[in-house]
Amino acid sequence: MRRLTPLLLAATLALAAPAVAQVRAPDGAPNPTASSVNEEMLFKQDPKIHGRISIPNATAANLIQPQGREWREFRESWLPWIGGLVVLGMLAALGLFYFTRGRIRLEHSEESGRKILRFNGFERFSHWMTATCFIVLSLSGLNYIFGKRLLMPLIGPEAFATLAQYGKYAHIYLAWPFMLGVLFMLVLWIKDNIPGRIDWIWLKQGGGLLGDAHPSAGRFNAGQKMVFWMVVGFGLAMGATGIMMIFPFAVTDINGMQIMQVIHSLIGVVFIAGILAHIYIGSLGMEGAYDAMGSGEVDLAWAKVHHDLWVKEQQAKTASGPQLGRGQVPAE
């Protein structure tokens with residue numbers, strides 16, 4: 001088939017060219033330039049140049065597809081710059097914030113040392129399953145953008161080819177538990193992530209990140225709600241575009257496949273940057289925050305500072321008895 005491709009292209013160009021009267025030079029000899037096929041004119045008539053094939057795969061008849069040049073220009077030139085600026089820019093911003101604001105310390109009180117259950121076992125399982133898959137998907141996706149520029153010169157083409165191949169397998173197969181985890185979190189936490197008036201007050205006060213005051217919040221504050229909707233929205237969008245690339249040409253043609261890849265990659269780099277901020281706040285940025293997804297229990301004094309309305313709600317349930325969740329540790 002590869003040997004026939006140039007012949008098919010030449011034949012197609014000859015058949016598709018409009019009838020042009022033979023133009024001769026001043027000396028009477030034929031002018032090959034004036035009577036040659038005009039590629040620009042052909043593309044105006046049809047955005048693709050097709051050949052004739054005898055195999056079932058109709059997409060193999062595509063000989064020239066000019067939009068592919070624009071897609072290649074985006075992938076090879078624009079995407080690395082966009083990805084680098086977004087991801088490295090977020091890392092730089094977090095580093096600057098850490099060295100200027102410092103870590104948000106746990107405020108001790110007479111209630112320090114007492115625990116309250118924040119997330120149960122299934123909630124933590126859903127979170128960590130999704131998070132683990134996301135990390136592998138992010139690394140393999142970044143390798144697609146930067147690997148041949150940064151990694152291949154260090155480890156060599158053979159090792160890089162092997163790594164990229166296994167990265168591709170991981171990217172495809174771990175996409176499914178990632179999407180499942182996003183759906184789990186949507187069902188588990190959507191009722192606690194509906195925006196309200198208290199969230200606007202939290203945002204106006206900087207969420208306690210820019211000063212010493214800690215505005216009131218429910219189970220999830222406004223910042224966490226934004227992360228939740230980012231994960232759900234971007235997760236579903238990445239899943240939809242990813243499935244269309246896993247099963248090529250099932251829904252769209254080659255132009256649609258290229259558009260899906262552009263959307264997938266742009267959402268991906270913004271998604272990675274947003275999750276980097278989430279990881280920072282949940283670990284290094286705030287003392288005591290990691291315990292919520294680590295053991296599931298947080299210090300009662302910490303909870304009253306950062307999620308006071310939720311603590312009052314949980315203590316009311318504990319006092320009344322029947323509403324106490326199974327396995328929940330009383331808050332008082």
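Q: Which helix is His171 found in?
A: His171 is found in helix H5. This is a predicted model.

Q: How accessible is His171?
A: His171 has a relative accessible area of 27%, so the residue is partly exposed.

Q: What does His171 touch, leaving out residues up to four places away in sequence?
A: His171 touches Leu137, Ser140, Gly141 and His264.

Q: Which backbone oxygen does the side chain of His171 reach?
A: The backbone oxygen of Leu137, at 3.3 Å.

Q: And how far is His171 from Ser138, in sequence and in space?
A: The two are 33 residues apart in sequence, and their C-alpha atoms are 8.6 Å apart.

Q: Switching to Asn143. Where is Asn143 found?
A: Asn143 is found in helix H4.

Q: Buried or exposed, and why?
A: Asn143 is buried, because its relative accessibility is 16% and the cut-off for buried is under 20%.

Q: What is Asn143 in contact with, leaving aside neighbours within four places?
A: Lys148, Leu151, Phe160 and Ala164.

Q: Lys148 there: which side chain does Lys148 meet in a salt bridge?
A: Lys148 pairs with Glu76, with an N to O distance of 3.0 Å.

Q: How accessible are Glu76 and Lys148?
A: Glu76 is partly exposed, at a relative accessible area of 21%. Lys148 is also partly exposed, at 38%.

Q: How many salt bridges does the count come to?
A: Eight.

Q: What about Asp199 and Lys225: how far apart are N and O in that salt bridge?
A: The distance is 2.7 Å. Asp199 belongs to helix H7 (residues 197-204) and Lys225 to helix H8, so this pair links parts 26 residues apart in sequence.

Q: Are Asp199 and Lys225 buried or exposed?
A: Both are buried.

Q: Which residues do salt bridges with shared partners join into one network?
A: Arg75, Glu76, Lys148 and Arg149.

Q: And Lys191, which side chain does that one meet in a salt bridge?
A: Asp192, with N and O 3.8 Å apart. Lys191 is exposed, with a relative accessible area of 60%, while Asp192 is partly exposed at 22%.

Q: Now helix H6. How many residues, and what does H6 reach end to end?
A: Helix H6 covers residues 175-189, which is 15 residues. From first C-alpha to last, H6 reaches 21 Å, close to the 21 Å expected at 1.5 Å a residue.

Q: Which residues of H6 are buried?
A: They are Ala175, Phe178, Met179, Gly181, Val182, Met185, Leu188 and Trp189.

Q: What do those buried residues pack against?
A: Five helices are listed by name: H4 (121-155), H5 (157-173), H8 (222-246), H9 (254-282) and H10 (291-294).

Q: What does UniProt cover with "transmembrane region"?
A: The annotation, from an unreviewed entry, covers residues 78-99, 125-146, 170-190, 227-250 and 262-281.

Q: What span should H9 have, and what are its ends at?
A: At 1.5 Å a residue, the 29 residues of H9 should span 42 Å. The end C-alpha atoms of H9 are 41 Å apart, which agrees.

Q: What caps the N-terminal end of H9?
A: Asp253 does: one of its side-chain oxygens lies 3.3 Å from the backbone nitrogen of Asn255.

Q: Last topic, confidence. What pLDDT does the chain average?
A: The average is 83, and 76% of the residues score at least 70.

Definitions and conventions:
Residues numbered from 1 in each chain as written. Predicted model: local features only at pLDDT ≥ 70, side-chain atom pairs only at ≥ 80, totals over all residues. Heavy atoms only, no water. Helix = DSSP H or I, 4+ residues; strand = E, 2+ residues; numbered from the N terminus. Expected span 1.5 Å × (residues − 1). Buried < 20%, exposed > 50% of the residue type's maximum accessible area, 1.4 Å probe, protein only. Contact = heavy atoms within 4.5 Å. UniProt positions renumbered as here; feature names shortened; annotations may be inferred. pLDDT = per-residue confidence, 0-100. Salt bridge = Lys/Arg side-chain N within 4 Å of Asp/Glu carboxyl O. Polar contact = N/O pair within 3.5 Å; in protein donor to acceptor, adjacent residues only side chain to side chain.
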